[in-house]
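Please keep the sequence and the model at hand while reading.

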Amino acid sequence: MSAYKVIECDIKNEEYIIAGLIDMGFPREQIEVHPSPVPLAGYTGRLGRQKANIIVRRNHFKKATKARYNADLGFEKVGDGYKTHINSEESGWWKSKEPRFKQVAATLHVTAQAKKRGYHVTKVKTGDVVKLKLTKNY
Amino acid sequence: MAKHTIEVIIPLGGTIESEVHGILGTACETECAWIDKLGKLVEHRKTADSGKTRKVALVKKVNT
């Protein structure tokens with residue numbers, strides 16, 4: 001018998017978020033990581049009530065989005081997952097980048113879990129699709 | 001020594017699709033139970049096997 005499954009999961013690992021941001025073009029040194037959430041700056045530069053643990057500050061973010069006004073981009077740890085904080089001005093940019101961001105996170109997640117279980121992982125990327133081959137002797 | 005392979009496809013958006021080859025019977029479900037733990041299982045259905053190799057197809061979604 002075979003099976004077909006659909007599974008939804010949250011990104012629970014900060015390393016995956018950082019890797020996704022680096023893949024977007026942000027240098028690692030521009031990505032802040034805080035054990036406790038710190039305030040995010042709005043498009044005026046003033047710190048607001050929203051907080052996040054992983055942050056790309058607005059001055060770095062502006063170069064990437066080329067938007068006229070930029071707020072900080074942040075990821076707040078909520079429970080065992082993360083909530084994304086993004087200003088409406090950059091929501092279009094985020095919407096265009098998010099699919100790739102999720103793909104990077106999913107790839108790292110599968111790879112890490114497979115290696116933990118003794119699989120040999122071979123990555124083959126074809127166009128916009130990532131292909132992984134997991135092999136194991138038993 | 002027996003070998004099994006899981007082929008994983010991850011398109012933009014982070015959906016994870018996988019096919020398992022080389023494991024027969026209930027051992028397939030047992031060996032691949034870890035895949036379910038990558039997230040929340042929202043759909044699971046058994047499909048007919050074809051050929052000599054047992055297959056499991058899995059589709060997963062990763063949300064931020």
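## Helix H1 of chain A

Which residues of helix H1 (residues 14–24) of chain A are buried? They are A:Tyr16, A:Ile17, A:Ile18, A:Gly20, A:Leu21 and A:Met24, where buried means under 20% relative accessible area with a 1.4 Å probe, protein chains only. Helices are DSSP runs of H or I with at least four residues, and strands are runs of E with at least two, numbered from the N terminus.

At the start of H1(A), a side-chain oxygen of A:Asn13 comes within 2.8 Å of the backbone nitrogen of A:Glu15. Just after H1(A), A:Gly25 has a positive phi of about 115 degrees.

## Nonpolar cores

A nonpolar core is a set of buried Ala, Val, Leu, Ile, Met, Phe, Trp, Tyr and Cys residues joined through side-chain atoms within 4.5 Å. The largest one has 19 residues, and helix H3 (91–116) of chain A and strand S1 (3–10) of chain B are among the elements giving two or more residues to it. Apart from it lies another core, of 18 residues, including A:Ile18 and A:Phe61.

B:Trp34 is one of the residues with the most contacts inside the largest core; contact means heavy atoms within 4.5 Å. Not counting residues up to four places away in sequence, B:Trp34 touches A:Val110, A:Gln113, A:Ala114, A:Arg117, A:Tyr119, A:Leu134 and B:Ile6.

## Confidence and conventions

Chain A averages a pLDDT (the predictor's confidence in each residue, from 0 to 100) of 86. Its lowest mean, 48, falls in strand S1 (residues 2–10) of chain A.

This is a predicted model, in which local features need pLDDT of at least 70 and side-chain atom pairs count only at pLDDT 80 or more, while totals for chains, interfaces and linings use all residues. Residues are numbered from 1 along each chain as its sequence is written, chains are lettered from A and ligands numbered from 1 in the order in which they are written, and side-chain values use heavy atoms, leaving out hydrogens and water.

Methods
Buried < 20%, exposed > 50% of the residue type's maximum accessible area, 1.4 Å probe, protein only. Polar contact = N/O pair within 3.5 Å; in protein donor to acceptor, adjacent residues only side chain to side chain.
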